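Welcome! Keep the viewer open as you read.

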Amino acid sequence: MSLSTAMKTAQSSFSNVGLQSAVASKNIANASDASYARRSAVLATAATGASVVETQRAQNEALLKQNLVSISKSSAQNTLLTGLTNMKMMLGGEDYELAPSTYLSKLRDNLQAFADKPNEVSLAETVVADATDVANSLNSTSLAVQKMRAEADADIGTAVTELNRLLAEFKTYNDQVKQGTAAGTDVNDALDQRDKLLTQISQIVGVSTLKRTNNDLALYTSDGTVLFETEPRAVTFTATPTYTATVTGNQVYIDGVAVQMGTGGNTSAQGSIGALLQLRDYTAPTFQTQLDETARSLINMFSENVSGTQVDGLFVRNGVGVGDDFSVDTAVSGLATVIGVNPAVITSQGGNAMLLRDGINDTFNTGNNASFSELLKSYAAAFETPTIFDTDAAIDTTATILAFSTGSVGWLEQLRSAATTASDDKTALLGRTQEALQNVTSVSLDEELALLLDLEQSYKASAKLVSAVDEMITALLQAAG
């Protein structure tokens, strides 16, 4: 080897060590950044020694795609579970002590006690108080359900705004990747940012990717709607600030196509928007129908037959109802929100609780008999009589009111239990997917430090080579002199 060749080899080694050290240093500096993919300097042997060809970015397309799907599913499941848990808290938590079914049981028991001792004014007052608790429970729970729908609607609006922002930012980095790839320049930093945006987008809506020329990426939703193709597609939504049982929320559109809500406790939704739509448009409305059906059944049970006409008795509908037809077996939207106790039996409002025994709208106890209990016994018997409920309530269509109201709690608990199990499963799957991806892309400080030690030895070897060449040249010059 000539001295000039030796010097070129040393220079090449110094250059390579410098570039490799820079890559390793960058890896170490970004070790805590979850969106950063490890870089490695790829070397190729040339006539003058090793030379750096390119800086490669660690990646695995299959794992990345699986990670995006796992993120979407986990995000949707956790969103649904949060909503169902909030619904459970409306009813008092683990024991459901604030549920209408709890107060209905007390009303039934005390009504039976009053029927056994119809001359006890204190028992009459207790039954009226229990009836008030039932009505208040239906009222407050209905208002809480509609408040939850309004909050879900607001969350949808926030998610849509964020999705549009992320897609606009995605275009910026996607353009950088395309242009840099075409020009042959380093696009690794832009790729990191683009992948980071992908994970954020997948939390909001399910996304699949299609790679095209020059690393260009097209995005589609999980059901095939175009989300991004050169340009971001419009995601539109009009919020509804106030919700009642009769209000239907607006749809979310991506490129003019409606986003579908999820179904089931183990929700089919991918991304938070689908789960929020499920809560707003199915779960909460179905539970509202169950409350409304409970209210309708109560009004019917305690109605009075006056001259052949059924009229409101202990429970009144406050102007919202189904006319004079007490045989109707379809739900009345929002009835649970306005059901109340007839003021005629509320002492604090000038009423008389004993009218529950004798008749609110007419005098059934014409002889003012202290032991008269026919009306009270009919009410108690009604608790044990199956009635017809609307199929939209999604539970038994023929049941007693207590079985129906208890079934409503069971419906919610079953849905929440399924959501909890599915959330655990999807969270575990996401954890395994992320771990597998990080094993490929994340920075290992131990490996990088070991690499720096190797590079240090390479630098020392090159320095010795330069020193040896320097000594040889000095010796030659001295010999020539």
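## How the helix angles are read

The axes used here are lines fitted to C-alpha atoms, for helices over the stretch in contact, and the angles between N-to-C directions run from 0 to 180 degrees. Please keep in mind that this is a predicted model.

## The chain at a glance

Let us begin with the overall inventory. The protein chain holds 11 helices and 15 strands. Of its 481 residues, 44% count as buried. Among contacts in the protein chain with a separation of 6 or more, 66% come from residues 24 or more positions apart.

## H2 against H5

The crossing in which H2 passes H5 is right-handed.

Which residues make this contact? From H2 come Leu64, Asn67, Leu68, Ile71, Ser72 and Ser75, and they meet Asp195, Leu198, Thr199, Ser202 and Gln203 of H5. Sorted by class, the contact of H2 with H5 has 4 nonpolar, 6 polar and 1 charged residues.

## H2 against H4

H2 also has a partner in helix H4 (residues 121-183). Here the axes come within 10 Å and cross at roughly 160°. Angles over 145 degrees count as roughly antiparallel, so H2 and H4 are roughly antiparallel to each other. H2 passes H4 in a right-handed crossing, as H2 does with H5.

On the H2 side you will find Gly83, Met87 and Met90, which meet Ala144, Val145 and Met148 in H4. The contact of H2 with H4 divides into 5 nonpolar residues, 1 polar residue and no charged ones. For reference, the contact of H2 with H5 has 1 charged residue.

## The sheet with E3 to E6

Now for the strands. An open sheet is built from 4 strands in the order E3-E4-E5-E6, with antiparallel pairing. Its edge strands are E3 and strand E6 (231-232), each of which pairs on one side only. H5 turns up again here: this helix packs on the sheet and touches E3, E4 and strand E5 (226-229), while its direction makes about 5° with that of E4.

Strand E3 (residues 207-211) and strand E4 (residues 217-221) pair in the antiparallel sense over 5 bridges. Thr209 has Leu219 in E4 as its bridge partner, and Leu210 is bridged to Ala218 in E4. Between the two strands, the hairpin has 5 residues, and Asn214 takes a positive phi near 60° there.

## The sheet with E7 to E9

A second open sheet has 3 strands in the order E7-E8-E9, and the pairing is antiparallel. Strand E7 (235-236) and strand E9 (257-258) are the edge strands, each pairing on one side only.

E7 pairs with strand E8 (residues 253-254) in the antiparallel sense over 2 bridges. If you look along this pairing, Thr236 stands opposite Tyr253 in E8.

## Two buried residues

Is Asp192 buried or exposed? This residue sits in helix H5, and its relative accessible area is 4%. Buried means under 20% relative accessible area, so Asp192 is buried. Leaving aside neighbours within four places in sequence, Asp192 is in contact with Ser35, Tyr36, Ala37, Arg39 and Arg57.

Leu415 belongs to helix H10 (residues 401-441). With a relative accessibility of 15%, Leu415 also falls under the 20% limit and therefore counts as buried. Not counting residues up to four places away in sequence, Leu415 touches Leu84, Gly264, Gly265 and Thr283. How far apart are the C-alpha atoms of Leu415 and Leu80? Their separation is 9.9 Å, although the two residues are 335 residues apart along the chain.

Conventions
Residues are numbered from 1 along each chain as its sequence is written. This is a predicted model: local features need pLDDT of at least 70, side-chain atom pairs count only at pLDDT 80 or more; totals for chains, interfaces and linings use all residues. Side-chain values use heavy atoms; hydrogens and water are left out. A crossing is left-handed if the near helix is turned anticlockwise from the far one by less than a right angle, and right-handed if clockwise. Contact means heavy atoms within 4.5 Å. Ala, Val, Leu, Ile, Met, Phe, Trp, Tyr, Cys and Pro count as nonpolar, Asp, Glu, Lys and Arg as charged, and the others, Gly among them, as polar. Two strands pair if DSSP finds at least two bridges between them. Buried means under 20% relative accessible area, exposed over 50%, partly exposed in between (1.4 Å probe, protein chains only). Angles under 35 degrees count as roughly parallel, over 145 as roughly antiparallel, 65 to 115 as roughly perpendicular and the rest as oblique.
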